[in-house]
Amino acid sequence: MRAAQTAILGGLLALAAAASWGAADQTTSPTFTKDVLPILQERCQDCHREGGDGIAGMVAPMALTSYTEVRPWAKAIARAVQSKAMPPWDATDVTLGQFSNERVMTDEERETILRWAQSGGAQGNPEDAPEPRVFADKQGWLLGVPDLVVTMPEPYFVEDDVQDIQPRITFEVTKEMLPEPRWISAIEIRPDSRGVHHAVGGATAPAFGEHEEESFSAGSIAAGEDPIIYPKGFGNLLRAGTEIRLSMHYFKEVGPGTGFFDQSSIGFHFHPKDEVVKYKVSRGGISRSGWEIPPRQSDWRIGASRTFDENTVLISLHPHMHFRGDSMRYEAFYPDGTTEVLLDVPEYDYAWQTQYTYVAPKFIPKGTRIEAISSFDNSERKKARYGVLDIDRAVDFGGRSRDEMFIPFIESAEIDEADVERFRAASP
């Protein structure tokens with residue numbers, strides 16, 4: 001992930017040295033204090049500030065909270081927002097407004113930043129500036145301090161001569177940790193080292209009262225991935241005796257002194273005790289087995305589908321591929337013959353594996369088929385970007401980054417017939 005951050009910084013520096021910008025009418029040009037700073041506060045400063053949010057280790061390379069900090073980057077910022085490289089959001093506008101974690105600017109906001117940079121980047125009247133944003137101390141957690149933190153029982157050491165390793169760590173939620181069962185409202189995995197490429201959590205809860213033994217997701221984290229957040233009335237019940245399985249993926253350079261310890265944690269947030277949680281959330285992929293990407297193919301398509309036999313709501317979508325992944329598209333085929341693009345990611349970025357979380361649960365009537373289609377590039381273009389690729393071999397499913405995955409994840413919950421119209425009306 002450090003390499004990804006360096007690439008971002010290098011790209012911005014290169015852009016800053018790019019071609020000259022045209023002049024504009026200074027009397028009508030935007031100023032930083034009045035026009036640009038409010039946009040940066042709303043769209044950029046969650047990450048671009050001292051101690052800002054590091055989304056799964058993706059830490060912004062500069063702060064954008066003052067004129068002194070922003071002015072040297074004016075042209076680079078303008079080009080980054082013009083190309084839509086920033087803010088980082090890979091979905092097309094076909095689903096604009098449907099996801100709660102959208103990182104997008106309006107056309108008007110982009111135009112304002114462009115005009116400001118083109119006209120010389122004037123500061124303006126300091127009295128026009130909005131009050132600085134005040135950020136709560138989240139103690140390193142994106143969602144704030146969790147209600148319960150469960151940590152790997154022992155540090156795991158990745159040896160100097162190891163580049164890519166994927167151990168599974170298993171531990172238990174004890175009665176001392178959790179005296180009474182609680183419904184989960186959000187899950188955030190917090191890596192303890194930059195060598196954590198990604199982590200996937202699973203949980204198996206023992207039988208309890210009317211609840212049988214059940215398994216559910218205990219979160220996941222990868223570069224650029226947001227935490228899992230459940231809507232009101234949705235979740236999974238965590239109780240003492242639950243076995244937690246953390247599938248870790250460590251990736252680093254090989255050599256003397258490169259070894260490191262890791263002791264990552266999972267943070268659980270709970271619904272209020274008096275909240276009624278009616279629906280349990282499940283997470284799974286629409287993937288299939290048996291596929292293979294041939295050598296030196298630049299546009300190899302893989303698809304899979306799932307038909308929903310019950311009325312269902314979608315909580316989130318999460319495309320997952322490795323270095324060769326180029327695009328992924330989810331499309332719903334409804335029983336009445338209509339279709340809808342649920343998510344279109346035409347330029348998949350392995351460095352920003354976004355979890356697309358709906359503003360409100362997305363209603364899917366029973367009989368709906370969801371198809372997911374991805375394209376993969378096993379050619380010189382990807383080898384030039386990721387030098388570790390062997391493009392002369394056929395590639396199938398594998399855990400290493402140089403292998404490949406095709407997993408269109410879906411978080412969903414089946415709903416009762418009595419709630420269909422309510423969810424249909426609120427659906428994005």
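## Overall build

Of the 428 residues in the protein chain, 50% are buried, where buried means under 20% relative accessible area, exposed over 50%, and partly exposed in between, with a 1.4 Å probe and protein chains only. This is a predicted model, in which local features need pLDDT of at least 70 and side-chain atom pairs count only at pLDDT 80 or more, while totals for chains, interfaces and linings use all residues. Residues are numbered from 1 along each chain as its sequence is written, and side-chain values use heavy atoms, with hydrogens and water left out.

The protein chain holds 7 helices and 22 strands, which are DSSP runs numbered from the N terminus (helices being H or I with at least four residues, strands E with at least two). For 428 residues a compact globule would have a radius of gyration near 22 Å, and the 23 Å of the protein chain agrees with this; the radius is taken over C-alpha atoms, and the globule rule is 2.2 Å times the number of residues to the power 0.38. The C-alpha trace spans about 70 × 50 × 50 Å along its principal axes.

Among contacts in the protein chain with a separation of 6 or more, 81% are between residues 24 or more positions apart, a contact being heavy atoms within 4.5 Å. The accessible surface of the protein chain is about 19900 Å², and carbon and sulfur atoms contribute 49% of it; such areas come from the Shrake-Rupley method with a 1.4 Å probe, and for residues only the protein chains shown count as cover.

## Strand β5 and its partners

Strand β5 (residues 182–190) has 8 of its 9 residues buried, so it is largely enclosed by the rest of the structure. Strands are taken to pair if DSSP finds at least two bridges between them, and β5 is joined by 6 bridges to strand β13 (residues 265–270), with the two running antiparallel. In that pairing Ile189 stands opposite Ile266 of β13.

Strand β10 (residues 237–238) pairs with β5 over 2 bridges, again in the antiparallel sense, and here Trp183 stands opposite Leu237. Strand β8 (residues 228–229) is likewise antiparallel to β5 and joined to it by 2 bridges, with Ile229 of β8 as the bridge partner of Ala186.

## A four-stranded open sheet

An open sheet is formed by 4 strands in the order β15-β22-β17-β20, with antiparallel pairing. Strands β15 (282–285) and β20 (356–364) stand at the edges with a single partner strand each, so one side of each is left without a neighbour in the sheet. Neighbouring strands of this sheet are turned by 30 degrees against each other on average, direction ignored; the axes are lines fitted to C-alpha atoms, for helices over the stretch in contact, and angles run from 0 to 180 degrees between N-to-C directions.

Within this sheet, strand β17 (residues 312–320) runs antiparallel to β20 and is joined to it by 5 bridges. Leu317 has Tyr356 in β20 as its bridge partner.

## Salt bridges

The whole structure contains 25 salt bridges, each defined as a side-chain nitrogen of Lys or Arg within 4 Å of a carboxyl oxygen of Asp or Glu. One of them joins Glu214 and Lys280, with 2.7 Å from N to O. Glu214 lies in strand β7 (residues 214–222) and Lys280 in strand β14 (residues 279–280), so the pair ties together parts that are 66 residues apart in sequence. Glu214 counts as buried at 16% relative accessibility, whereas Lys280, at 35%, counts as partly exposed.

Lys382 and Asp326 form another salt bridge, their closest N and O atoms being 3.0 Å apart. This pair links distant parts of the chain, with Lys382 in helix α6 (residues 380–385) and Asp326 in strand β18 (residues 325–333), 56 residues apart. Lys382 is buried at 3% relative accessibility, and Asp326 is buried at 16%. In the salt bridge between Arg329 and Glu331 the closest N and O atoms are 3.7 Å apart; Arg329 is partly exposed at 32%, while Glu331 is buried at 18%.

## An exposed loop residue

Pro132 lies in the loop between α5 (107–118) and β1 (148–151), and with 61% relative accessibility Pro132 counts as exposed. Its C-alpha atom is separated by 47 Å from that of Phe333, which is 201 residues away along the chain.
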